[in-house]
Amino acid sequence: MALENSVLSSRAESLSLPVSEKGEGTAGEAEPATPTGVFDVSEELGRVVTTDTAPPPQPTHRSFQSKLAAREAQAAAPQPRKKAQGAGSEKGKFGWGRSRRKRQRYVEKNGRCNVQHGNMRETYRYLTDIFTTLVDLNWRCSLFVFVMAYAVTWLFFGAIWYLIAYCRGDLDHLEDETWTPCVNNVNGFISAFLFSIETETTIGYGHRVITDQCPVGTMLLLLQAILGSMVNAFMVGCMFVKISQPNKRAETLVFSRNAVISLRDERLCLMFRVGDLRSSHIVGANMRAKLIKSKQTQEGEFIPLDQTDISVGFETGDDRLFLVSPLVISHEIDSRSPFWDMSQAQLEKDDFEIVVILEGMVEATGMTCQARSSYLAEEVLWGHRFSPMMSLAEGFFDVDYGAFHHTFEVDTPSSSARELSLAAARLEAHLYWSISSRLDEEKWDGPNLTEHLEKQPGSGSANGKSGVGTTFTVGETSESQDQSGQGEQNGSVATDQSESEA
């Protein structure tokens with residue numbers, strides 16, 4: 001007790017010793033070092049120690065709390081370390097980092113096929129179908145060809161008209177009123193060019209006219225009229241087809257930004273949404289889907305961008321749509337689906353592309369239209385469902401396209417469809433056998449089965465005389481049952497052959 005009292009009494013004195021903080025005071029202001037023999041409490045170690053030497057001139061003692069705070073700050077400070085994830089890396093559902101190379105789309109979200117053809121040596125084949133070639137050109141090239149087609153023909157025939165006037169000497173007799181030129185009022189190349197435009201476009205101002213004294217001009221007039229009509233028909237036809245191309249109608253056919261996987265009627269389904277923004281409908285709309293994924297055959301052949309069909313209701317007719325309001329297209333993941341073995345973890349690591357194609361006839365023009373889009377693996381959301389967007393208003397159904405791309409999370413197992421099917425089969429088999437065993441127990445529990453059979457007339461005497469006991473077989477079928485046809489498959493009771501024959 002005396003020792004404890006001395007320690008406690010000296011604790012206050014030891015705590016009251018002057019302590020110089022870091023950066024405060026100088027070495028000259030420190031007290032001279034004198035040996036002391038008192039007890040000192042070290043707050044860092046948390047125990048009582050004895051010191052025989054004086055504190056240093058610049059003591060840097062810090063409390064335990066300050067050191068702990070310094071360690072926490074050091075731990076929280078970012079330390080240089082090796083970068084684990086690359087430019088295209090991302091985190092998976094379960095938190096671990098995974099590096100995925102950004103896949104090049106086969107079909108863009110707007111439907112454009114990201115394929116370019118190169119090293120084509122048979123380019124003459126484009127000229128054999130010049131009409132389709134001109135229609136497939138972009139607008140800049142199409143307008144250039146359209147303008148040049150007319151300008152070249154006008155210049156060509158204008159040069160011929162000027163050449164005729166020059167060869168006949170009409171340009172030398174411009175002031176001679178007795179001279180009959182081939183074309184009146186053609187006094188140079190500009191006037192010949194204007195006459196060519198009037199002839200081909202059938203304007204006919206009446207100032208420049210051909211005379212009957214020029215048979216060559218008459219033949220040239222007929223030729224230019226025929227060729228001009230052909231050029232008009234060809235170029236106007238190209239422009240009309242290009243303007244009325246049905247791919248512009250596909251701009252108002254929209255697909256959801258993401259596809260989802262969730263349960264529908266207790267089955268995993270891959271779903272996406274499609275809608276039509278116009279009031280004019282697509283007649284005979286048909287939906288198709290393809291899985292684009294490279295694979296390697298058992299023989300070692302590598303097939304890049306292999307196309308596998310994804311059923312969206314072809315067998316049941318659900319692929320034929322009545323696209324009046326937005327619809328959710330569903331693909332049931334069964335044993336024939338390419339996603340039969342895909343779980344949520346596998347989806348995080350897999351690399352594929354789903355191409356969806358909507359085809360139909362435009363109601364206004366009667367032309368066939370096709371709209372396309374695609375979904376990469378990271379654009380498929382596991383455990384999500386599309387938000388409803390249709391409500392009943394006064395006298396009509398209101399569609400809110402603001403919720404077209406919205407999804408929300410739902411409870412969905414992370415296992416694959418195969419694993420879910422096996423689990424359901426095991427559960428069904430367990431329930432079947434458990435119900436059968438309970439029925440058997442209820443059937444045979446109660447009075448002793450032997451006493452029950454002894455009470456039956458003729459059964460005990462026959463067995464007593466012969467000295468052969470009754471044989472019972474539970475849970476299987478005996479040979480006597482097969483012959484008599486009176487046994488049951490589960491929990492059946494069979495006697496030996498002598499009793500069955502009796």
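Which residues in α6 meet which residues in α7? S196, T199 and E200 in α6 meet L221, Q224, G228 and N232 in α7, where contact means heavy atoms within 4.5 Å. By class, this contact of α6 with α7 has one nonpolar, five polar and one charged residues. Ala, Val, Leu, Ile, Met, Phe, Trp, Tyr, Cys and Pro count as nonpolar, Asp, Glu, Lys and Arg as charged, and the others, Gly among them, as polar.

The structure is a predicted model, in which local features need pLDDT of at least 70 and side-chain atom pairs count only at pLDDT 80 or more, while totals for chains, interfaces and linings use all residues. Residues are numbered from 1 along each chain as its sequence is written, and side-chain values use heavy atoms, with hydrogens and water left out.

The protein has 13 helices and 18 strands; these are DSSP runs, with helices being H or I of at least four residues and strands E of at least two, numbered from the N terminus. Of its 502 residues, 29% count as buried, that is, under 20% relative accessible area, with exposed meaning over 50% and partly exposed in between (1.4 Å probe, protein chains only). Among contacts in the protein with a separation of 6 or more, 61% come from residues 24 or more positions apart.

Two packed helices are described by the angle between their axes and the distance between the axes. For α6 and α7, the angle is about 60 degrees and the axes are 9 Å apart. Axes are lines fitted to C-alpha atoms, for helices over the stretch in contact, and angles run from 0 to 180 degrees between N-to-C directions. The crossing of α6 and α7 is right-handed: a crossing is right-handed if the near helix is turned clockwise from the far one by less than a right angle, and left-handed if anticlockwise.

Helix α6 (residues 189-200) also packs on α5 (residues 139-168), where the axes come within 8 Å and cross at roughly 125 degrees. α5 and α6 are therefore oblique to each other; angles under 35 degrees count as roughly parallel, over 145 as roughly antiparallel, 65 to 115 as roughly perpendicular and the rest as oblique. This crossing of α5 and α6 is right-handed. From α5, the residues in contact include Y150, W154, F157 and W161, and from α6 they include F189, F193 and I197. The residues of this contact divide into 12 nonpolar, three polar and one charged.

Nine of the 12 residues of α6 are buried, so α6 is largely enclosed by the rest of the structure. The buried residues include S191, F195, E198 and E200, and what covers them includes α5 and α7. The end C-alpha atoms of α6 are 17 Å apart, which agrees with the 16 Å that its 12 residues should span at 1.5 Å a residue; the expected span is 1.5 Å times one less than the number of residues. After α6 comes T202, whose phi is positive, near 55 degrees.

Helix α7 has 29 residues and reaches 42 Å from its first C-alpha to its last, close to the 42 Å expected. Its buried residues include G217, Q224, G228, M235 and K242. The cover over the buried residues of α7 includes α4 (130-136), α5 and α6.

Elsewhere, R320 lies in strand β10 (residues 320-321). At 57% relative accessibility, R320 counts as exposed. R320 touches A285 and N286, not counting residues up to four places away in sequence.
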